[in-house]
Amino acid sequence: MLDDKKVMMSGMQSTGMITLGNYLGALKNWVDLNDDENLKCFYGIMDLHSITVRQDPAELRKSARNLLMLYIAAGLDPEKNCIFFQSHVSAHPELSWILNCFTYMGEMSRMTQFKDKSAKHADNINTGLFTYPVLMAADILLYQADYVPVGKDQMQHLEITRDIANRFNNIYGDVFTIPEAYVGKAGAKIMSLQEPTKKMSKSDENPNASIFLLDDKDTIMRKFKKAVTDSDGFIAYSDDKPGIKNLIDIYRAVTGKTVDEALKEFDGMGYGKLKEVVGETVANELAPLQARFKELSADKAYIDGVMKNNAAQASYYANKTLRKVKKKVGFIELPR
Ligand code: TYM
(Lines give C-alpha, C1' and ligand atoms only; values in the text may rest on other atoms or scores of the structure.)
Protein backbone atom coordinates (compact mmCIF):
# COMPACT_ATOMS: atom_id res chain seq x y z
CA MET A 1 0.00 0.00 0.00
CA LEU A 2 1.12 3.56 -0.68
CA ASP A 3 -0.91 6.59 0.34
CA ASP A 4 -3.84 4.23 1.10
CA LYS A 5 -3.82 2.80 -2.40
CA LYS A 6 -2.90 -0.65 -3.66
CA VAL A 7 0.28 -0.57 -5.72
CA MET A 8 0.80 -1.98 -9.23
CA MET A 9 4.29 -2.23 -10.63
CA SER A 10 5.48 -3.52 -13.97
CA GLY A 11 7.79 -2.81 -16.87
CA MET A 12 9.33 -3.89 -20.15
CA GLN A 13 12.83 -4.20 -21.45
CA SER A 14 13.76 -1.31 -23.69
CA THR A 15 15.31 -3.17 -26.59
CA GLY A 16 14.02 -3.06 -30.16
CA MET A 17 10.34 -2.62 -30.89
CA ILE A 18 7.74 -4.23 -28.64
CA THR A 19 5.38 -6.84 -30.06
CA LEU A 20 1.69 -7.58 -30.05
CA GLY A 21 2.56 -10.12 -27.30
CA ASN A 22 3.95 -7.36 -25.06
CA TYR A 23 0.93 -5.23 -25.84
CA LEU A 24 -1.76 -7.83 -25.22
CA GLY A 25 0.02 -9.58 -22.35
CA ALA A 26 0.95 -6.42 -20.47
CA LEU A 27 0.49 -2.90 -21.83
CA LYS A 28 -3.18 -3.19 -22.73
CA ASN A 29 -3.92 -4.49 -19.23
CA TRP A 30 -2.08 -1.57 -17.69
CA VAL A 31 -4.12 0.86 -19.76
CA ASP A 32 -7.32 -0.83 -18.57
CA LEU A 33 -6.32 0.09 -15.00
CA ASN A 34 -5.68 3.75 -15.86
CA ASP A 35 -8.83 5.08 -14.25
CA ASP A 36 -8.84 2.99 -11.10
CA GLU A 37 -8.62 5.59 -8.33
CA ASN A 38 -7.73 2.94 -5.77
CA LEU A 39 -4.46 2.09 -7.45
CA LYS A 40 -1.06 3.71 -7.53
CA CYS A 41 0.76 2.42 -10.64
CA PHE A 42 4.46 2.43 -11.50
CA TYR A 43 5.64 1.40 -14.96
CA GLY A 44 9.32 1.18 -15.76
CA ILE A 45 11.27 1.33 -18.98
CA MET A 46 13.74 -1.33 -17.96
CA ASP A 47 16.91 -0.15 -19.61
CA LEU A 48 19.25 -1.63 -16.96
CA HIS A 49 17.83 -5.07 -17.74
CA SER A 50 18.43 -4.49 -21.44
CA ILE A 51 22.23 -4.49 -21.25
CA THR A 52 22.45 -8.14 -20.18
CA VAL A 53 22.61 -8.63 -23.94
CA ARG A 54 25.09 -6.40 -25.82
CA GLN A 55 23.37 -3.26 -27.16
CA ASP A 56 24.33 -0.51 -29.56
CA PRO A 57 24.20 2.68 -27.39
CA ALA A 58 22.42 4.85 -29.98
CA GLU A 59 19.88 2.10 -30.68
CA LEU A 60 19.27 1.55 -26.97
CA ARG A 61 18.59 5.25 -26.41
CA LYS A 62 16.19 5.29 -29.35
CA SER A 63 14.32 2.15 -28.26
CA ALA A 64 14.01 3.39 -24.69
CA ARG A 65 12.57 6.73 -25.78
CA ASN A 66 10.26 4.94 -28.21
CA LEU A 67 9.05 2.68 -25.43
CA LEU A 68 8.11 5.65 -23.26
CA MET A 69 6.18 7.11 -26.20
CA LEU A 70 4.50 3.77 -26.90
CA TYR A 71 3.34 3.51 -23.28
CA ILE A 72 1.75 6.94 -23.58
CA ALA A 73 0.45 6.38 -27.11
CA ALA A 74 -1.26 3.18 -25.96
CA GLY A 75 -3.19 5.22 -23.40
CA LEU A 76 -1.10 5.22 -20.22
CA ASP A 77 -1.57 8.67 -18.77
CA PRO A 78 1.71 9.96 -17.28
CA GLU A 79 -0.27 12.26 -14.98
CA LYS A 80 -2.05 9.29 -13.42
CA ASN A 81 0.75 6.72 -13.62
CA CYS A 82 4.39 7.01 -12.70
CA ILE A 83 6.25 6.08 -15.90
CA PHE A 84 10.01 6.18 -15.47
CA PHE A 85 13.34 4.96 -16.81
CA GLN A 86 14.93 2.39 -14.52
CA SER A 87 18.38 3.96 -15.03
CA HIS A 88 17.08 7.28 -13.68
CA VAL A 89 16.34 5.76 -10.28
CA SER A 90 19.59 4.62 -8.70
CA ALA A 91 17.76 2.83 -5.90
CA HIS A 92 17.15 -0.06 -8.35
CA PRO A 93 20.76 -1.24 -8.73
CA GLU A 94 21.43 -0.40 -5.06
CA LEU A 95 18.65 -2.61 -3.74
CA SER A 96 19.55 -5.23 -6.32
CA TRP A 97 23.05 -5.54 -4.82
CA ILE A 98 21.65 -5.96 -1.33
CA LEU A 99 19.13 -8.58 -2.50
CA ASN A 100 21.90 -10.44 -4.36
CA CYS A 101 23.25 -11.24 -0.92
CA PHE A 102 19.93 -12.89 -0.04
CA THR A 103 19.64 -14.98 -3.20
CA TYR A 104 21.20 -18.36 -3.89
CA MET A 105 23.15 -19.47 -6.95
CA GLY A 106 20.95 -22.57 -7.23
CA GLU A 107 17.80 -20.44 -7.44
CA MET A 108 19.21 -18.33 -10.23
CA SER A 109 20.49 -21.25 -12.26
CA ARG A 110 16.98 -22.73 -12.37
CA MET A 111 15.52 -19.67 -14.13
CA THR A 112 14.31 -20.62 -17.60
CA GLN A 113 15.01 -17.16 -19.03
CA PHE A 114 18.65 -17.50 -17.97
CA LYS A 115 18.88 -20.93 -19.58
CA ASP A 116 17.26 -19.69 -22.80
CA LYS A 117 19.28 -16.50 -23.08
CA SER A 118 22.59 -18.12 -22.22
CA ALA A 119 21.95 -20.73 -24.91
CA LYS A 120 21.17 -17.95 -27.40
CA HIS A 121 24.14 -15.76 -26.43
CA ALA A 122 26.73 -18.42 -25.62
CA ASP A 123 29.54 -15.93 -26.27
CA ASN A 124 28.29 -13.53 -23.58
CA ILE A 125 26.98 -15.38 -20.54
CA ASN A 126 27.59 -12.51 -18.16
CA THR A 127 26.75 -12.35 -14.46
CA GLY A 128 24.15 -9.67 -15.17
CA LEU A 129 22.20 -12.23 -17.17
CA PHE A 130 22.51 -14.60 -14.22
CA THR A 131 21.33 -12.13 -11.56
CA TYR A 132 18.73 -10.48 -13.80
CA PRO A 133 15.79 -11.74 -11.66
CA VAL A 134 17.28 -10.09 -8.57
CA LEU A 135 17.19 -6.70 -10.28
CA MET A 136 13.60 -7.43 -11.25
CA ALA A 137 12.84 -8.29 -7.62
CA ALA A 138 14.35 -4.94 -6.60
CA ASP A 139 12.17 -3.14 -9.19
CA ILE A 140 9.04 -4.62 -7.69
CA LEU A 141 9.91 -4.52 -3.99
CA LEU A 142 11.12 -0.90 -4.00
CA TYR A 143 7.57 0.27 -4.67
CA GLN A 144 5.97 -2.12 -2.15
CA ALA A 145 3.91 -3.51 -5.03
CA ASP A 146 0.78 -5.48 -4.21
CA TYR A 147 0.25 -6.60 -7.80
CA VAL A 148 2.51 -7.12 -10.79
CA PRO A 149 0.67 -7.20 -14.12
CA VAL A 150 2.75 -9.42 -16.43
CA GLY A 151 2.33 -12.13 -19.04
CA LYS A 152 2.70 -15.81 -18.10
CA ASP A 153 6.35 -15.94 -19.13
CA GLN A 154 7.31 -13.74 -16.16
CA MET A 155 5.66 -15.90 -13.47
CA GLN A 156 8.89 -17.64 -12.50
CA HIS A 157 10.54 -14.27 -11.91
CA LEU A 158 7.64 -13.19 -9.78
CA GLU A 159 7.88 -16.37 -7.70
CA ILE A 160 11.56 -15.75 -6.98
CA THR A 161 10.73 -12.15 -6.05
CA ARG A 162 8.28 -13.45 -3.48
CA ASP A 163 10.84 -15.94 -2.16
CA ILE A 164 13.51 -13.25 -1.78
CA ALA A 165 11.07 -10.85 -0.10
CA ASN A 166 9.85 -13.51 2.34
CA ARG A 167 13.43 -14.49 3.17
CA PHE A 168 14.34 -10.87 3.88
CA ASN A 169 11.18 -10.25 5.91
CA ASN A 170 11.81 -13.39 7.97
CA ILE A 171 15.15 -11.98 9.04
CA TYR A 172 14.34 -8.27 9.44
CA GLY A 173 10.58 -7.98 9.97
CA ASP A 174 7.93 -6.75 7.57
CA VAL A 175 10.02 -4.64 5.23
CA PHE A 176 8.58 -5.67 1.88
CA THR A 177 5.03 -6.18 0.68
CA ILE A 178 4.75 -9.65 -0.88
CA PRO A 179 3.59 -9.07 -4.46
CA GLU A 180 1.08 -11.12 -6.40
CA ALA A 181 0.85 -11.63 -10.14
CA TYR A 182 -1.98 -9.87 -11.89
CA VAL A 183 -3.01 -11.52 -15.12
CA GLY A 184 -5.37 -9.25 -16.98
CA LYS A 185 -8.26 -10.01 -19.28
CA ALA A 186 -6.10 -9.77 -22.37
CA GLY A 187 -3.71 -12.42 -23.70
CA ALA A 188 -1.49 -13.93 -21.04
CA LYS A 189 0.57 -15.70 -23.68
CA ILE A 190 0.53 -14.74 -27.34
CA MET A 191 2.38 -17.19 -29.56
CA SER A 192 4.61 -16.79 -32.61
CA LEU A 193 2.70 -16.55 -35.89
CA GLN A 194 5.25 -18.86 -37.49
CA GLU A 195 5.76 -21.41 -34.69
CA PRO A 196 2.59 -21.22 -32.59
CA THR A 197 3.99 -23.47 -29.87
CA LYS A 198 6.61 -20.79 -29.09
CA LYS A 199 5.84 -17.40 -27.51
CA MET A 200 5.83 -14.32 -29.73
CA SER A 201 9.14 -12.62 -29.02
CA LYS A 202 10.76 -9.43 -30.26
CA SER A 203 14.08 -11.22 -30.66
CA ASP A 204 12.67 -13.87 -33.03
CA GLU A 205 14.87 -14.06 -36.10
CA ASN A 206 11.91 -14.59 -38.41
CA PRO A 207 10.28 -11.16 -38.96
CA ASN A 208 6.97 -12.84 -39.90
CA ALA A 209 6.73 -14.47 -36.46
CA SER A 210 5.86 -11.24 -34.62
CA ILE A 211 3.64 -8.23 -35.13
CA PHE A 212 5.51 -5.12 -34.03
CA LEU A 213 3.51 -2.23 -32.61
CA LEU A 214 4.45 0.18 -35.37
CA ASP A 215 3.91 -2.28 -38.26
CA ASP A 216 1.66 -0.66 -40.88
CA LYS A 217 -1.61 -2.22 -41.94
CA ASP A 218 -0.20 -3.90 -45.08
CA THR A 219 2.57 -5.52 -43.06
CA ILE A 220 0.12 -6.70 -40.40
CA MET A 221 -2.23 -8.19 -43.00
CA ARG A 222 0.67 -9.88 -44.80
CA LYS A 223 2.03 -11.41 -41.58
CA PHE A 224 -1.38 -12.76 -40.58
CA LYS A 225 -1.89 -14.14 -44.07
CA LYS A 226 1.35 -16.09 -43.66
CA ALA A 227 0.48 -17.28 -40.14
CA VAL A 228 1.06 -21.02 -39.70
CA THR A 229 -2.13 -23.00 -39.00
CA ASP A 230 -2.81 -26.68 -39.80
CA SER A 231 -4.31 -28.78 -42.54
CA ASP A 232 -7.57 -29.73 -40.76
CA GLY A 233 -9.56 -26.97 -42.42
CA PHE A 234 -11.96 -26.31 -39.51
CA ILE A 235 -11.93 -23.73 -36.73
CA ALA A 236 -11.83 -24.98 -33.14
CA TYR A 237 -10.24 -23.77 -29.92
CA SER A 238 -7.94 -26.58 -28.88
CA ASP A 239 -4.35 -27.20 -27.78
CA ASP A 240 -4.11 -29.63 -30.72
CA LYS A 241 -4.57 -26.67 -33.06
CA PRO A 242 -2.06 -24.13 -31.68
CA GLY A 243 -2.07 -21.88 -34.76
CA ILE A 244 -5.86 -21.44 -34.80
CA LYS A 245 -5.98 -21.19 -31.00
CA ASN A 246 -3.45 -18.37 -31.11
CA LEU A 247 -5.46 -16.45 -33.73
CA ILE A 248 -8.57 -16.80 -31.58
CA ASP A 249 -6.61 -15.72 -28.48
CA ILE A 250 -5.35 -12.62 -30.28
CA TYR A 251 -8.88 -11.80 -31.42
CA ARG A 252 -10.25 -12.31 -27.91
CA ALA A 253 -7.52 -10.24 -26.30
CA VAL A 254 -8.17 -7.30 -28.61
CA THR A 255 -11.97 -7.42 -28.56
CA GLY A 256 -12.56 -8.67 -25.01
CA LYS A 257 -14.86 -11.41 -26.35
CA THR A 258 -15.12 -14.91 -24.91
CA VAL A 259 -14.00 -18.07 -26.73
CA ASP A 260 -17.64 -19.00 -27.38
CA GLU A 261 -18.50 -15.59 -28.80
CA ALA A 262 -15.46 -15.72 -31.05
CA LEU A 263 -16.20 -19.26 -32.22
CA LYS A 264 -19.78 -18.27 -33.04
CA GLU A 265 -18.54 -15.40 -35.21
CA PHE A 266 -16.02 -17.62 -36.97
CA ASP A 267 -18.50 -20.46 -37.54
CA GLY A 268 -18.17 -21.80 -41.09
CA MET A 269 -15.29 -19.48 -41.96
CA GLY A 270 -12.23 -20.70 -43.88
CA TYR A 271 -8.71 -20.14 -42.50
CA GLY A 272 -8.02 -17.38 -45.06
CA LYS A 273 -11.01 -15.36 -43.92
CA LEU A 274 -10.20 -15.96 -40.23
CA LYS A 275 -6.69 -14.57 -40.73
CA GLU A 276 -8.12 -11.58 -42.56
CA VAL A 277 -10.61 -10.79 -39.78
CA VAL A 278 -7.99 -11.13 -37.04
CA GLY A 279 -5.49 -9.05 -39.06
CA GLU A 280 -8.05 -6.28 -39.60
CA THR A 281 -8.97 -6.30 -35.91
CA VAL A 282 -5.33 -5.93 -34.88
CA ALA A 283 -4.61 -3.22 -37.47
CA ASN A 284 -7.65 -1.23 -36.32
CA GLU A 285 -6.60 -1.58 -32.69
CA LEU A 286 -3.08 -0.32 -33.40
CA ALA A 287 -3.97 2.53 -35.79
CA PRO A 288 -4.84 5.16 -33.12
CA LEU A 289 -1.80 4.18 -31.06
CA GLN A 290 0.40 4.63 -34.14
CA ALA A 291 -1.09 8.05 -34.90
CA ARG A 292 -0.56 9.21 -31.33
CA PHE A 293 3.00 7.87 -31.40
CA LYS A 294 3.70 10.02 -34.45
CA GLU A 295 2.40 13.12 -32.66
CA LEU A 296 4.44 12.40 -29.54
CA SER A 297 7.59 11.88 -31.62
CA ALA A 298 7.31 15.51 -32.70
CA ASP A 299 6.98 16.80 -29.13
CA LYS A 300 10.39 16.39 -27.54
CA ALA A 301 9.77 18.98 -24.81
CA TYR A 302 6.66 17.12 -23.58
CA ILE A 303 8.45 13.77 -23.45
CA ASP A 304 11.46 15.30 -21.66
CA GLY A 305 9.09 16.80 -19.09
CA VAL A 306 7.41 13.44 -18.47
CA MET A 307 10.82 11.88 -17.98
CA LYS A 308 11.93 14.45 -15.42
CA ASN A 309 8.75 14.56 -13.34
CA ASN A 310 8.29 10.84 -13.23
CA ALA A 311 11.91 10.04 -12.37
CA ALA A 312 11.64 12.36 -9.37
CA GLN A 313 8.40 10.75 -8.23
CA ALA A 314 9.71 7.19 -8.66
CA SER A 315 12.92 8.08 -6.81
CA TYR A 316 10.93 9.51 -3.91
CA TYR A 317 9.03 6.25 -3.30
CA ALA A 318 11.95 3.96 -4.14
CA ASN A 319 14.34 5.77 -1.79
CA LYS A 320 11.87 5.50 1.05
CA THR A 321 12.06 1.69 0.83
CA LEU A 322 15.80 1.70 0.22
CA ARG A 323 16.49 3.78 3.35
CA LYS A 324 14.47 1.32 5.41
CA VAL A 325 16.34 -1.65 3.95
CA LYS A 326 19.76 -0.07 4.54
CA LYS A 327 18.89 0.65 8.14
CA LYS A 328 17.65 -2.91 8.72
CA VAL A 329 20.78 -4.42 7.18
CA GLY A 330 23.01 -2.29 9.42
CA PHE A 331 24.42 0.47 7.24
CA ILE A 332 25.22 3.79 8.91
CA GLU A 333 23.07 6.68 7.74
CA LEU A 334 25.00 9.72 6.53
CA PRO A 335 24.68 12.33 9.32
CA ARG A 336 22.60 15.32 8.19
P1 TYM B 1 9.64 -8.32 -21.34
O2 TYM B 1 10.26 -7.01 -21.72
O3 TYM B 1 10.20 -9.55 -21.97
O4 TYM B 1 8.10 -8.29 -21.60
C5 TYM B 1 7.29 -7.22 -21.13
C6 TYM B 1 5.92 -7.74 -20.77
O7 TYM B 1 5.31 -8.35 -21.91
C8 TYM B 1 4.86 -9.67 -21.57
N9 TYM B 1 5.02 -10.53 -22.77
C10 TYM B 1 4.05 -11.29 -23.27
N11 TYM B 1 2.78 -11.49 -22.88
C12 TYM B 1 2.02 -12.33 -23.62
N13 TYM B 1 2.50 -12.96 -24.73
C14 TYM B 1 3.77 -12.80 -25.16
N15 TYM B 1 4.20 -13.40 -26.26
C16 TYM B 1 4.61 -11.92 -24.42
N17 TYM B 1 5.90 -11.51 -24.55
C18 TYM B 1 6.13 -10.67 -23.52
C19 TYM B 1 5.78 -10.12 -20.44
O20 TYM B 1 5.18 -11.13 -19.66
C21 TYM B 1 5.95 -8.82 -19.68
O22 TYM B 1 4.84 -8.62 -18.81
N23 TYM B 1 11.80 -9.09 -16.96
C24 TYM B 1 10.73 -8.41 -17.63
C25 TYM B 1 10.79 -6.90 -17.51
C26 TYM B 1 10.83 -6.40 -16.11
C27 TYM B 1 9.74 -6.35 -15.20
C28 TYM B 1 10.25 -5.79 -14.02
C29 TYM B 1 8.39 -6.72 -15.31
C30 TYM B 1 11.92 -5.90 -15.47
N31 TYM B 1 11.58 -5.53 -14.23
C32 TYM B 1 9.44 -5.57 -12.90
C33 TYM B 1 7.58 -6.52 -14.18
C34 TYM B 1 8.10 -5.96 -13.00
C35 TYM B 1 10.80 -8.75 -19.09
O36 TYM B 1 11.82 -9.13 -19.60
O37 TYM B 1 9.65 -8.48 -19.76
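This section describes the ligand site and the domain arrangement of a predicted model.

The shell around the ligand consists of 24 residues, and the closest of these are Tyr 132, Asp 139, Gly 151, Asp 153 and Ile 190. Sorted by class, the shell contains 11 nonpolar and 10 polar residues, together with three charged ones.

A polar backbone atom of Gln 13 is found 2.9 Å from an oxygen atom of the ligand. Nitrogen atoms of the ligand also take part: one lies 3.1 Å from a polar side-chain atom of Gln 154, and a backbone N or O atom of Met 200 is placed 3.0 Å from a ligand nitrogen. On its own the ligand has 710 Å² of accessible area, of which the protein covers 97%. Three elements, β1 (6–13), α1 (20–32) and α7 (127–142), each give two or more residues to the shell around the ligand.

At the level of the whole chain, the domain assignment gives domain 1, made up of residues 6–182 and 300–329, and domain 2, made up of residues 217–295. A distance of 30 Å separates the C-alpha centres of domain 1 and domain 2. Domain 1 provides 10 residues to the contact, and domain 2 likewise provides 10 residues.

The area buried between domain 1 and domain 2 is about 900 Å², with 77% of it on carbon and sulfur atoms. On the domain 1 side, Leu 20, Leu 24 and Ala 73 account for 47% of the area buried against domain 2, more than any other three residues.

Methods
Residues are numbered from 1 along each chain as its sequence is written. This is a predicted model: local features need pLDDT of at least 70, side-chain atom pairs count only at pLDDT 80 or more; totals for chains, interfaces and linings use all residues. Side-chain values use heavy atoms; hydrogens and water are left out. A residue is near a molecule or strand if one of its heavy atoms lies within 4 Å of it. A polar contact is a pair of N or O atoms within 3.5 Å; within protein, one must be able to donate a hydrogen and the other to accept it, and residues adjacent in sequence count only if both atoms are side-chain atoms. Accessible areas come from the Shrake-Rupley method with a 1.4 Å probe; for residues, only the protein chains shown count as cover. Helices (H or I, at least four residues) and strands (E, at least two) are DSSP runs, numbered from the N terminus. Ala, Val, Leu, Ile, Met, Phe, Trp, Tyr, Cys and Pro count as nonpolar, Asp, Glu, Lys and Arg as charged, and the others, Gly among them, as polar. Domain bounds come from an automatic or database domain assignment. Contact means heavy atoms within 4.5 Å. Buried area is the accessible area (1.4 Å probe) that two parts lose on being put together, summed over both.
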